[in-house]
Amino acid sequence: MAIRQLSETLINQIAAGEVIERPASAAKELIENALDAGATRIEIATAGGGKALLRVSDNGSGMEAADLELAVRRHCTSKISETLEDIRTLGFRGEALPSIGSIARLSIASRRRDSAGGHEIAVAGGKIVHIRPAAANPGTIVEVRDLFFATPARLKFLKSEKAEAGAITEIVKRMAIAFPAVRFVLSGSDRTTLEFPATGDDHLARMAQVLGKEFRDNAILLDAVREDISLTGFAGVPTFNRGNSAHQYAFVNGRPVQDKLILSAIRGAYAETIPSGRYPVAVLSITLDPALVDVNVHPAKSDVRFRDPGLVRGLIVGAIREALARDGSRAATTGASDMLRAFRPGFQPHAQRPQAPWSAETSPFRPYQPAAGFSERPQASFDGLSMPTARAELQPSPQPGAPEPAASAETTGRYPLGAARAQIHANYIVAQTEDGLVIVDQHAAHERLVFEAMRKALHSKRLASQVLLIPEIIDLPEEDCDRLMQHAAELSELGLAIERFGPGAIAVRETPAMLGEVDAHGLIRQLADEIAEWDTASGLSAKLEYVAATMACHGSVRSGRRLRPEEMNALLREMEVTPGSGQCNHGRPTYIELKLSDIERLFGRS
């Protein structure tokens with residue numbers, strides 16, 4: 001079969017299959033062009049989920065007639081010259097407009113600010129319909145109608161109009177977070193109007209617009225530098241989490257990306273702090289020399305490749321963990337909100353239960369009776385936290401004029417978690433703070449304290465190992481053996497001793513004692529795959545921390561154990577100085593705080 005040259009229209013349609021996958025892809029490309037043109041106001045209008053109409057208007061620099069004619073031709077751009085080593089714009093390939101014009105009805109009206117009039121060009125199915133003078137404000141209006149009319153097969157793969165409209169909304173949100181100084185308006189017949197006013201240099205205010213005002217109250221500032229790479233942004237406290245990863249935003253040199261390395265690093269940074277199936281909320285902005293990152297991986301430009309992925313991953317994990325250790329122990333404000341909703345008039349979760357008439361026998365206010373069969377437990381001490389064993393009963397509330405119990409002698413304003421006042425249901429500690437009260441889950445809190453003590457021991461010295469009677473020999477490709485041996489010293493600190501056994505095999509002589517019986521073959525192969533992917537060997541450390549978390553759960557103060565006031569206060573003081581004490585190892589909150597103003601509002605006093 002003879003080889004022949006494809007037509008320009010067919011070439012553009014093939015390219016459009018990669019660049020314009022759905023209406024949201026077209027919206028992304030057009031918004032990027034507007035931002036590259038210096039726009040401070042961008043308006044997006046849609047109909048039919050962007051399939052019937054997609055209009056993007058901006059007040060950017062605009063184009064002359066000659067520029068318009070070149071803009072709809074492939075590989076024509078004003079953003080790069082001869083090299084891809086120094087890309088500082090969102091767009092640079094010169095493929096978006098010709099790709100859209102080859103599969104839709106495209107019109108562009110533009111006027112430069114210093115020009116007396118504007119011009120308009122129209123393209124349908126890859127052919128220029130006309131180019132003529134037109135009345136236009138300074139800036140550019142790009143209108144796309146009947147997307148994929150020239151390639152109807154693609155229409156069959158699109159989702160519902162509502163789903164496509166939602167994808168465009170997500171694109172606008174990402175762009176709005178990346179450029180807080182730009183005003184974005186999203187409207188149309190298929191949606192309610194969404195507006196993000198410009199916030200200037202206040203990035204957190206823009207994030208609050210997009211992610212909700214609760215994010216401002218539950219965000220921790222990130223600001224870290226490693227070598228020539230800087231990381232800024234905000235990470236939510238672990239107890240402020242969501243049901244999917246859609247609320248994780250990453251930007252590289254201002255470009256919104258969905259990179260698996262960055263998402264994996266976020267997941268690793270929050271390990272042991274978030275429940276399974278829940279995801280943290282985070283906004284990360286990475287800035288580095290453009291020569292250190294390749295943004296030309298895919299025509300859609302949503303993937304990037306870093307020259308040193310291990311450095312980037314380490315920076316993200318280290319910065320988030322440092323921030324969580326510094327300020328991540330506080331409970332999310334949403335916990336108090338949920339509690340307040342439960343106290344609202346009309347909230348009756350047990351309304352279906354019949355209510356017995358009041359009597360001395362049915363009254364909930366009975367004298368305290370200790371639980372039958374209660375026995376003392378041995379004293380446990382972890383990293384300075386001592387939980388005495390003496391049998392303790394719930395302290396009664398003091399009567400007016402009566403002396404307060406011993407726990408009340410502490411000044412509540414001296415401590416963030418206040419002073420313990422009572423223990424209820426042998427599981428929850430109620431503490432009074434300077435401006436409210438705190439309710440602590442004693443088992444979850446102590447579980448976290450024990451885990452952090454064990455984690456500290458893990459990283460402070462070489463872990464104990466068990467010597468194998470007969471070394472395990474694992475056959476691997478030579479390149480995997482080379483990578484593993486580069487990390488041999490690091491693995492040895494974790495209790496895993498390996499040696500080279502010929503060109504294509506590894507001998508395992510010692511394994512971490514904490515892991516017990518180990519599948520050495522599976523562990524080594526997993527580590528080899530991880531090092532090949534990320535150039536790190538964090539998997540073994542993660543396994544050890546998982547074991548430590550399990551041991552901490554079984555070695556903590558159990559639910560149902562009655563504590564004395566001094567024991568409760570010791571627990572509170574230890575929580576205040578322990579990183580991550582706001583949530584247990586499974587990610588559940590360890591305490592909920594109610595401000596006095598919230599309590600007064602419940603009683604109609606404010």
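I count two strands as paired if DSSP finds at least two bridges between them. Helices (H or I, at least four residues) and strands (E, at least two) are DSSP runs, numbered from the N terminus.

This is a predicted model, where local features need pLDDT of at least 70, side-chain atom pairs count only at pLDDT 80 or more, and totals for chains, interfaces and linings use all residues. Residues are numbered from 1 along each chain as its sequence is written, and side-chain values use heavy atoms, with hydrogens and water left out.

Sheet: I found 5 strands in an open sheet, ordered S9-S10-S15-S12-S13, with mixed pairing. At the edges I noted S9 (219-226) and S13 (255-257), each pairing on one side only. S12 (residues 248-252) and S13 run antiparallel, joined by 3 bridges. Val 252 is opposite Arg 255 in S13.

Rings: I searched the whole structure and got 1 aromatic pair (ring centres of Phe, Tyr or Trp, its six-membered ring, within 6.5 Å; planes under 30 degrees apart are stacked, over 60 edge-to-face, the rest tilted). Phe 215 and Phe 240 have ring centres 6.4 Å apart and planes at 45 degrees, so I call the pair tilted.

Confidence: pLDDT is the predictor's confidence in each residue, from 0 to 100. The chain's mean is 80, and 78% of its residues reach 70 or more. I saw the lowest confidence in strand S18 (residues 380-382), at a mean of 37, and the highest in strand S1 (residues 41-47), at 97.
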